[in-house]
Amino acid sequence: MATLLLTVLYLASAALLAFAVRRAGGRPSVWAVAILTLLPLAFTAGGWLPGKVLAPTVSLAGVPPWAHPDLALPILESSSAPNPLLADPLSQMAPWRHAARHDLLFDPSAASGAALLGNAQSAALFPVEVAGRALAPVRAAVFVQAARLLLAGWGLFLLARGLAVSELAALLAAIVYTGSGFLQLWRLHPHSYVAALAPWILWAMFRLVRRPGPRRAAILGVLGALGVLAGHPETLAQTVLLGVLWLAPTMLAGKRWRALGWSAVAGLLAFLLAAPALLPFLENLTVAAEWVHRHDRPPEAVALPRNEALPRLWPALDLRHFGDPISGDWRGPENLAELGGGATSLAALLLLPAAVLGRRHRRRMAGWLALGLVGLAVSVQLPGITDLVSFLPLLGSSLLKRLSLWWVLAVSLAAGAGADHLLRARGARSHWLRASPVLAGVALAAAVATSVGAAPWGRSVADLLLLGLPLCTAPLVAPLLSRRGRGRAIAIAVLGLALLLPPASLFGRWVPLSAVDSFYPTTPAIDFIRERAAGYRVAGIDSALVPTSAAFFGLEDVRPNDPMTFAPYADFVETFSRPERGSWPRIATWSHPALDFLGVRFLFDHPTMYVFHHPGIDQIWEGEDALIYENPRAFERLF
């Protein structure tokens, strides 16, 4: 029944998006609707399997209270190996969604209580999240991933069609964007909601500048409000900045000052519609910024030395740059998802020359690729260009790395424009027949370079076949694109597979398929605590008990595990814990008086820690899933 409801909700979302695109002038054919509906399933189909969920939940197996051997062993046997780079979105974002099912405005389970709407990353009011609450948490985890890929594919298709790209070429552009590393690796995080909405917002900005009016301003205002509710205002700001830079020449050349007025109306409407989430976020931001300023913390360094920044440009071209983190073979600098690696397939890059060769899209695509390269340079923290952008307030190193979204959008659109040129050009056959052997050789060499040595030899051979054959075939079939009939259909199919198969294979290994039983299951220790914890809070000694996971059991954890936590509270937590980068605060001083006043009565520890004695707290549970201690000095919480 749960799988049926998931399928119905997904198909309803696809139908709604198809209707919206048709009304917006995208004119999708039946085949386009079918392809864009099925496209996200190339990356998420495993989540529809009985007893499976698309999340790296196996990484929780070693953490109390999921360390019980009877529970951990089946999880390990029936799940993909854990992906450490995706564990944080699971432990941080999934509990927010669960809390929103019961406490929409206020979540008492994390950081001594937190306002959900004060956390701009919770996306509590975003339509996909609201719809996902109709599903059980396990199926909701699959739906929110598939739905955002659906939103991204339709959005890029609409934007490409708005830029006069043919339907087949727009479909190919949608494939490139949906399979991008930015979307795929942020699939469990609100970043990808905003990235999925970015083409829609850019399309609305483009239409408003071309023909300003109240209806188009209203559409942009609604999409802007959805961008705020999507859960990452910084990425939304970067998207709007891209649109402003893209459309500024058109505005200045045509002196379309009327569009500025209607753009202001759209911005005001977006602010009013998103106010329930935007105002608490701005208050949180103001308090945190004031606290940082009061403590005279040094600003975060943004630009890197040139000899460190330049090597980071390679991931933008190397599909296999991410490697295979599950087998331990992942490499590259921190925040891999933002750096553009795997953002495009090599087949998409082969289409870029055609995008600027054709007269129809030459000027527009040259501008897009220029902006994309600027975003890529900033994302790798190249000095000079990054210094010019870093003056923007509140944009530190981590946020600027996500400017690689500009590169992903630019290459996706350029790939569509390149395919469109081949579809329309009469002389494309002879032109591409001469170039095909060279391009095929380049594709094969790139496939070999990115496959051999990146994984054990057996997997490298499979990757070589998967990457090399479609890439080599794509240039060879390109001359057929300018023909009609069966040859053209074959060429489109091969080119589509060349764009789809490599990222689908890569990210099929990146996003593990785990056992449903591993998705925050209850254990004897949890049942023991739930009977006693009313009015009190819990915590974990050292690394025990992932913060915010308490939301799944109706418990309350005092430790923050979220970048939107108030800075004063985050500093206060350091008085009894030690923060670790990329992890949650670990309680080192379990007898600290602050825990008493916070109402922390119960503390979890790993079951293997039974040899240690903790003076001042009493052990009340010893099991194979956890050790539990009671702090008799704890005050009952006041709210």
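Which ring does the charged end of arginine 532 sit over? That would be the ring of phenylalanine 528, with the charge 3.7 Å from its centre. Bear in mind that this is a predicted model.

**Cavities**

- Rolling a probe the size of a water molecule over the atoms shows where empty space is left.
- Six cavities of 30 Å³ or more turn up in the structure.
- The largest cavity holds about 150 Å³ of space, and 14 residues line it.
- Closest to the centre of that cavity you'll find Ala94, Arg97, His98, Pro137 and Ala140.
- Helix H5 (87-102), helix H6 (127-132) and helix H7 (137-162) are the elements that give two or more residues to this lining.
- Sorted by class, the lining of the largest cavity comes out as eight nonpolar, two polar and four charged residues.

**The second largest pocket**

- This pocket has a volume of about 640 Å³ and a lining of 25 residues.
- Leu16, Leu17, Ala20, Leu151 and Leu226 are the lining residues nearest its centre.
- At least two lining residues come from each of helix H1 (2-23), H6, H7, helix H10 (191-210) and helix H11 (214-229).
- H1 is the top contributor to the lining of the second largest pocket, giving seven residues.

**Aromatic pairs**

- A pair of aromatic rings is described by the distance of the centres and the angle of the planes.
- The model has 14 aromatic pairs.
- Take tyrosine 520 and phenylalanine 552: their ring centres are 4.1 Å apart and their planes sit at 10°, so the pair counts as stacked.
- Those two come from distant parts of the chain, 32 residues apart. Tyrosine 520 is in the loop between strand S4 (513-515) and helix H25 (524-530), while phenylalanine 552 is in the loop between strand S5 (537-540) and helix H26 (567-573).
- Why do both count as buried? The cut-off is under 20% relative accessible area; tyrosine 520 has 4% and phenylalanine 552 has 13%.
- Both residues also belong to a cluster linked by ring pairs, made up of Trp66, Phe519, Tyr520, Phe552 and Phe553.
- Phenylalanine 572 and phenylalanine 576 have ring centres 6.0 Å apart and planes at 80°, so this pair is edge-to-face.
- Phenylalanine 572 is partly exposed at 33% relative accessible area, whereas phenylalanine 576 is buried at 1%.

**Charges over rings**

- Arginine 148 lies over the face of tyrosine 193, at 3.8 Å from the ring centre.
- The opening example, arginine 532 over phenylalanine 528, has a distance of 3.7 Å to the ring centre.

**Strand pairings**

- S5 runs parallel to strand S8 (residues 600-605), and four bridges join them.
- Within that pairing, valine 538 stands opposite phenylalanine 602 in S8.
- In a regular strand the side chains alternate between the two faces of the sheet.
- In S5, Arg537 and Ala539 point one way and Val538 and Gly540 the other, and all are buried.
- Strand S9 (residues 618-622) pairs with strand S10 (residues 627-630) in the antiparallel sense, over four bridges.
- S9 and S10 make a hairpin with four residues between them, and tryptophan 621 stands opposite isoleucine 628 in S10.

Methods. Residues are numbered from 1 along each chain as its sequence is written. This is a predicted model: local features need pLDDT of at least 70, side-chain atom pairs count only at pLDDT 80 or more; totals for chains, interfaces and linings use all residues. Side-chain values use heavy atoms; hydrogens and water are left out. On a 1 Å grid over the protein atoms alone, a cavity is a set of points where a 1.4 Å probe fits but cannot get out, and a pocket is an open set with protein on both sides within 12 Å along at least five of seven lines; lining residues have an atom within 4 Å of a point. Grid points are joined across faces, edges and corners, and a volume is the space filled by probe spheres set on the points. Ala, Val, Leu, Ile, Met, Phe, Trp, Tyr, Cys and Pro count as nonpolar, Asp, Glu, Lys and Arg as charged, and the others, Gly among them, as polar. Rings of Phe, Tyr and Trp (its six-membered ring) pair if their centres lie within 6.5 Å; planes under 30 degrees apart count as stacked, over 60 as edge-to-face and the rest as tilted. Buried means under 20% relative accessible area, exposed over 50%, partly exposed in between (1.4 Å probe, protein chains only). A charge sits over a ring if NZ of Lys or CZ of Arg is within 6 Å of the ring centre and within 35 degrees of the ring normal. Two strands pair if DSSP finds at least two bridges between them.
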